[in-house]
Structures are given as structure tokens and as C-alpha cells.
Amino acid sequence: MSNDISLQRWTAADLAVLERTNTPQMTAFLGGPETQEKLEERNERYVRGWETGAAAMFTIRLEGERDPVGSVGYWPTMWHDLDVYETGWAVTEPFQGRGIASRAVVAVLKHAAEHGDRALMLAFPRVDNSASNALCRSCGFVHRGEEDFEYPAGNPIRTNVWAFGLQG
Ligand SMILES: CC(C)(COP(=O)(O)OP(=O)(O)OC[C@H]1O[C@@H](n2cnc3c(N)ncnc32)[C@H](O)[C@@H]1OP(=O)(O)O)[C@@H](O)C(=O)NCCC(=O)NCCS
């Protein structure tokens, strides 16, 4: 598989990436499209995350494409009293099914292993999110069961728990 993708630190100019991934299809497992106001808040949060350490969010660049083709990143969180990272991702519809998310997630795991200080990266895709569950499996995450979760806040969902060891 060619390695023609790269990750670029999120900037204020990347709001359009969030707008392009805010379709009904792409947010079907995430509670549906967000309002423009929420997208703008998210954009600011992603930029600020780099300054405060609250998140390390990237756009995904594909060689030969002017615009970013998606987003990927990670942020510190707690899971059963453990300090861990959580990761999340999106690849715009025209570019799906080409291994772009797989390469981007491998790159983000490498970034967290090199720059982070936590031992575990977790992902919580909804149990019926076939693409994200396949992505976890193919990137080497280990299945750690199912859990109840809320996403967005107030919306109960059932998720898988996938874990990837960042040390060693
Ligand atoms: C999840 C997502 C990022 C995958 O992006 P992608 O670039 O198409 O993924 P890849 O091409 O790298 O494929 C990754 C794996 O998923 C599988 N896959 C991709 N799309 C799939 C689908 N619709 N159904 C089942 N499996 C699928 C691939 O076959 C591959 O598995 P393999 O390595 O075992 O063959 C993309 O579908 C997306 O943005 N979805 C909407 C946002 C979302 O749900 N985010 C996650 C919230 S937890």
C-alpha cells in the first residue's frame, strides 16, 4: 500500500474539513450532523487543543489533493480510573475505501507513542459502525468488550472498546 498520506496539525483554516465530514451518512453513528455553530466551536477546540494539550488533532493530506481528505487525532481521557488517550477519525466520502484511514491511524498511533506519555490508545466505535470497527481491527487494536457510552452527551449508545498499547 502506498504511503502517500501525511498528517498536518489542525489550523483555524481547516473548518471546511469539518463541514465536508458533517454529512448525514458520515455522522450516522455520531448522532447526526452538527450545527454550523457547533462545527465552529469544534474547529476552535481543535486549534486550542494544540496549545493546551487538550487534544492533538490533524487533517489528513493526500498527495496530489489540494484539500485535506479527513481528520484524525487523539486526546487524553479517563477510562476505568486509567489515564489513557482516545482517538477518532473521519475520511470524506469520495476518498473512503482506499486505505486512507488505516494509514492515518497508524501515523497517529506513532505520533502518540513518540510524543505522548500514556500507555493506551482507546477507540469507542458504535457496535454497528462496521467501517470503524474494521479499521480498529486492521490497525492492530485489541477488542476489550462492549460498553454503554453517551455520544453526543445525552445520547446513549452501545460501543465496542478497542485498545492499542503505545509502549514497547
Ligand atoms: C471509518 C472511516 C474513517 C474509514 O475510512 P476509510 O479510509 O474508508 O477506511 P480504510 O479504507 O482505511 O479501511 C479500513 C478498514 O475498514 C474496512 N471498511 C471500510 N469501509 C467499510 C464499510 N463501509 N463497511 C465495512 N468495512 C469497511 C476496510 O475494508 C478496512 O478493513 P481491512 O483492512 O480489514 O480491509 C470512514 O468510513 C468514515 O469517515 N466514517 C464516518 C465517520 C466515523 O464513523 N468516524 C468514527 C467514529 S468512531
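Reply: First, the ground rules. This is a predicted model, in which local features need pLDDT of at least 70, side-chain atom pairs count only at pLDDT 80 or more, and totals for chains, interfaces and linings use all residues. Residues are numbered from 1 along each chain as its sequence is written.

Now the chain. The protein chain has 4 helices and 7 strands. Here helices (H or I, at least four residues) and strands (E, at least two) are DSSP runs, numbered from the N terminus. In that direction the order is β-α-α-β-β-β-α-β-α-β-β. The C-alpha trace spans about 40 × 35 × 35 Å along its principal axes. A compact globule of 168 residues would have a radius of gyration near 15 Å, and the protein chain agrees with 15 Å. That radius is taken over C-alpha atoms, and the globule rule is 2.2 Å times the number of residues to the power 0.38. Of the 168 residues, 31% count as buried. Buried means 20 or more other C-beta atoms within 10 Å of the residue's own; exposed means 12 or fewer; partly exposed lies in between; C-beta atoms are placed from the backbone.

Next, the ligand. The shell around the ligand holds 22 residues, and Gln-96, Ala-101, Ala-131, Ala-134 and Ser-138 come nearest. Strand 4 (82-91), helix 3 (100-115) and helix 4 (130-138) each give two or more residues to this shell. Helix 4 gives the most, with 6 residues. By class, the shell has 12 nonpolar, 9 polar and 1 charged residues. Ala, Val, Leu, Ile, Met, Phe, Trp, Tyr, Cys and Pro count as nonpolar, Asp, Glu, Lys and Arg as charged, and the others, Gly among them, as polar.

Helix 3 has 16 residues, which at 1.5 Å a residue should span 22 Å; its end C-alpha atoms are 22 Å apart, in agreement. The expected span is 1.5 Å times one less than the number of residues. Buried residues in helix 3 include Ala-101, Arg-103 and Ala-112. Strand 4 holds Tyr-85. Tyr-85 counts as buried because it has 25 C-beta neighbours inside 10 Å. Leaving aside neighbours within four places in sequence, the contacts of Tyr-85 include Ala-112, Tyr-74, Trp-75 and Met-121. Contact means C-beta atoms, placed from the backbone, within 7 Å.

Last, the hairpin. Strand 6 (residues 142-150) includes Glu-150. The count of buried residues among the 9 residues of strand 6 is 0. Glu-150 counts as exposed because it has 11 C-beta neighbours inside 10 Å. Beyond four places in sequence, Glu-150 is in contact with Asn-155, Pro-156 and Ile-157. Strand 6 pairs with strand 7 (residues 156-165) in the antiparallel sense over 7 bridges. Pairing requires at least two DSSP bridges between the strands. Asp-148 has Arg-158 in strand 7 as its bridge partner. The two strands form a hairpin with 5 residues between them, and Gly-154 in the turn has a positive phi of about 95°.

Terms used. Near = placed C-beta within 6 Å. Contact = placed C-beta atoms within 7 Å.
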